[in-house]
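Trainee: Could you take me through one part of this structure closely? I would like to look at the sheet and what surrounds it.

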Amino acid sequence: SQLVERTVETWKEMAMSKWQIKIVVSSSGNLWIHGQESHLEQSVENLILNARDAIFEKRNDLVTRAQESNEQKSTEGFKQSIMAAMRWEGEILVTVTSSDEKDAVILTVSDNGKGMNVEALEKCRTAGFSTKKKKAIHHGENSGIGLGLTFVQEVTRRHNADMEIQSKQEMGTQVAISFPKVTIES
């Protein structure tokens, strides 16, 4: 839980100031797993960046819809609807909880972004699959190459954990990873 809180804290300020996205972190106290710290941290970052991109995509869609619906209307109405679309707030919620039923620590990253259609949800764990290749928000050598979730899936497997992804178009995505819980004696 400390690693997750520290990782989110690293991204929180930039998310608000540069991306206009609120990141909220919540954890149920000190929860422990055995794991490779840098791989776990990179997995949390990958999930945050995927959520960011889904939120950007939804915001862009909202602006496009506002533009299309106001093409024949007054300039003031046009400005107001564009501004309303631009003010829409994206949110990423990162939680770390304990499940006694599963004897697990569950890391969940949820967003209110674009969400995935059925085809993307089925293929999102496949190496090389990306919905961002031609429309990456942040271009660079590694933008939209389809390895983020593949990396998270491999880290999950190596930590004897399970990953579940739920997504609904226009509603957002939730990724939940259940790690075997470790009890630390004080």
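Mentor: We start with the sheet, then move to the helices, the salt bridges and one histidine.

This is a predicted model, where local features need pLDDT of at least 70 and side-chain atom pairs count only at pLDDT 80 or more, while totals for chains, interfaces and linings use all residues. Residues are numbered from 1 along each chain as its sequence is written, and side-chain values use heavy atoms, with hydrogens and water left out.

First, the overall layout. The chain holds 5 helices and 5 strands. Both are DSSP runs numbered from the N terminus: helices are H or I with at least four residues, strands are E with at least two. Along the sequence the pattern reads α-β-α-α-β-β-α-α-β-β. Of the 186 residues in the chain, 39% are buried. Buried means under 20% relative accessible area, exposed means over 50%, and partly exposed lies in between (1.4 Å probe, protein chains only).

Now the sheet. It is open, with 5 strands in the order S1-S2-S3-S5-S4, and its pairing is mixed. Two strands pair if DSSP finds at least two bridges between them. Strand S1 (21–27) and strand S4 (162–168) each have a single partner strand, so one side of each lacks a neighbour in the sheet. From one strand to the next, the twist averages 10°. Angles here run from 0 to 180 degrees between N-to-C directions, and axes are lines fitted to C-alpha atoms, for helices over the stretch in contact.

Look at S5 and its partners. Strand S3 (residues 104–111) pairs with strand S5 (residues 172–180) in the antiparallel sense, over 8 bridges. Ala 104 has Pro 180 in S5 as its bridge partner. S4 and S5 also run antiparallel, joined by 7 bridges. There, Lys 168 has Gly 172 in S5 as its bridge partner. S4 and S5 form a hairpin with 3 residues between them, and Glu 170 in the turn has a positive phi of about 70°.

Stay with S4 for its two faces. In a regular strand the side chains alternate between the two faces of the sheet. In S4, Met 163, Ile 165 and Ser 167 make up the covered face. Asp 162, Glu 164, Gln 166 and Lys 168 make up the uncovered one.

Next, a helix pair. H2 and helix H5 (residues 148–158) pack at an angle of about 145°, and their axes are 9 Å apart. On the H2 side, the contact residues include His 39, Leu 40 and Asn 50. On the H5 side, they include Gly 148, Phe 151 and Val 155. Contact means heavy atoms within 4.5 Å. The residues of this contact divide into 6 nonpolar, 6 polar and no charged. Here Ala, Val, Leu, Ile, Met, Phe, Trp, Tyr, Cys and Pro count as nonpolar, Asp, Glu, Lys and Arg as charged, and the others, Gly among them, as polar.

Now the charged pairs. The whole structure has 10 salt bridges. A salt bridge is a side-chain nitrogen of Lys or Arg within 4 Å of a carboxyl oxygen of Asp or Glu. One of them joins the side chains of Glu 170 and Lys 114, at 2.8 Å from N to O. Glu 170 lies in the loop between S4 and S5, and Lys 114 in the loop between S3 and helix H4 (118–123), so the pair ties together parts that are 56 residues apart in sequence. Glu 170 is partly exposed, at 27% relative accessibility. Lys 114 is buried, at 15% relative accessible area.

Arg 158 is exposed, at 61% relative accessible area. Glu 154 is partly exposed, at 29%. Shared partners also link salt bridges into one network of Asp 61, Arg 65, Lys 114 and Glu 170.

Last, the histidine. His 159 is found in the loop between H5 and S4. His 159 is buried, with a relative accessible area of 10%. Leaving out residues up to four places away in sequence, His 159 touches His 34, Gly 35, Gln 36, Leu 40, Phe 179 and Pro 180. Recall that Leu 40 is also part of the contact between H2 and H5, and that Pro 180 is the bridge partner of Ala 104.
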